[in-house]
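Have the structure open while you go through them.

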Amino acid sequence: MTSPTHVASLRGVTVRFNGAGAARPTTILRDFSLDVAPGEFLVIVGRSGCGKTTVLNLLAGLLDASAGEVRVMDKPPRQARHHLGYMFARDALVPSRTAQENVEIGLEVRGVGRQQRRARSQELMNSLGLAGAESRYPWQLSQGMRQRVALARTWALEPDLILMDEPFAALDAQTRESARAQFLQLWERQRSSVVFVTHDLTEALLLGDRLMIMAPGGRIIEDMRLPFPHPRDPAELPFTDEFRALERKLKGWLSD
């Protein structure tokens with residue numbers, strides 16, 4: 001079977017919502033197109049309300065387009081959900097399950113045997129600095145640890161496409177830096193395709209190999225390859241002249 005040229009694509013997509021009491025529908029995206037290549041790390045940046053999360057929800061099959069076509073692995077999104085992982089800003093852990101049991105939820109649903117899913121969950125928890133926390137319940141974990149459990153749960157299924165909606169936004173600065181670095185190491189090993197939404201331009205430049213800047217109405221005002229090769233050191237990269245120059249340039253575009 002031939003692998004798809006694009007892991008995900010949107011073709012001429014328009015999304016309209018009928019707000020309560022509104023005289024006419026609100027258009028979130030208009031004639032919007034996007035392709036995501038295998039192994040690509042795409043970061044979408046833009047102000048609130050420009051349609052970033054709408055793009056994720058279309059790809060996840062949680063939202064239908066008013067017009068246009070959405071495909072994931074050459075299928076309608078709802079038929080491709082076993083290829084997807086979706087990580088939200090909040091961890092959404094199951095309170096009655098331990099950290100390790102939360103990581104294993106998707107594997108369990110798919111019928112993966114206990115021994116195999118335990119080995120996979122342990123590997124990921126070790127990689128994310130969660131060794132020793134396997135038997136703790138969500139209420140016994142810090143917010144940073146909870147978010148890393150959610151990250152491990154997302155990666156456990158080895159999805160072809162990972163959708164991420166500001167997954168580190170709720171963390172304090174130090175924890176956020178650590179979580180981003182651990183996530184980047186995971187991605188550089190596995191290279192799933194990622195569509196990552198953030199309002200943080202520095203985060204976008206640290207993580208992505210492609211950057212898309214959106215404006216209200218779902219307009220794309222920039223779509224560029226980033227010049228920073230992988231593997232990266234997220235502790236050092238922001239202090240390079242090339243990073244700083246590009247960050248200044250793009251901040252000017254975002255402020256217009």
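1. I'd start at the hairpin: strand 8 and strand 9 form it with three residues between them, and Gly-217 in the turn has a positive phi of about 90 degrees. Strands here are DSSP E runs of at least two residues, helices are H or I runs of at least four, and both are numbered from the N terminus. Bear in mind that this is a predicted model, where local features need pLDDT of at least 70, side-chain atom pairs count only at pLDDT 80 or more, and totals for chains, interfaces and linings use all residues. Residues are numbered from 1 along each chain as its sequence is written, and side-chain values use heavy atoms, with hydrogens and water left out.

2. Strand 8 and strand 9 run antiparallel and are joined by six bridges; two strands pair if DSSP finds at least two bridges between them.

3. Which order do the strands of the six-stranded sheet take? The order is 5-6-7-3-8-9, in an open sheet with mixed pairing. Strand 5 (84-87) and strand 9 (219-225) are at the edges with a single partner strand each, so one side of each has no neighbour in the sheet. From one strand to the next, the twist averages 15 degrees.

4. At the strand 5 end, strand 5 and strand 6 (residues 161-165) run parallel, with four bridges joining them. Tyr-86 is the residue opposite Leu-163 in strand 6. Helix 5 lies across strand 5 and strand 6, running at about 170 degrees to strand 5. Angles run from 0 to 180 degrees between N-to-C directions, and axes are lines fitted to C-alpha atoms, for helices over the stretch in contact.

5. The other sheet is also open: three strands in the order 2-1-4, with antiparallel pairing. Strand 2 and strand 4 (67-72) are its edge strands, each pairing on one side only. Twist in this sheet averages 25 degrees from one strand to the next. Strand 1 (residues 8-17) pairs with strand 2 over seven bridges, in the antiparallel sense, and Arg-16 stands opposite Thr-27 in strand 2.

6. On to helix packing. Helix 5 (residues 143-156) and helix 6 (residues 173-190) have axes that come within 10 Å and cross at roughly 15 degrees. That makes the two helices roughly parallel (under 35 degrees; over 145 is roughly antiparallel, 65 to 115 roughly perpendicular, the rest oblique).

7. From helix 4 come Arg-120, Leu-124 and Ser-127, and from helix 6 Gln-182, Leu-186, Arg-189 and Gln-190.

8. How many salt bridges turn up in a search of the whole structure? There are 14, each a side-chain nitrogen of Lys or Arg within 4 Å of a carboxyl oxygen of Asp or Glu. Take a look at Glu-40 with Arg-210, whose closest N and O atoms are 3.0 Å apart. This pair links distant parts of the chain, 170 residues apart: Glu-40 is in the loop between strand 2 (26-36) and strand 3 (41-46), and Arg-210 is in strand 8 (residues 210-215).

Conventions: Contact = heavy atoms within 4.5 Å.
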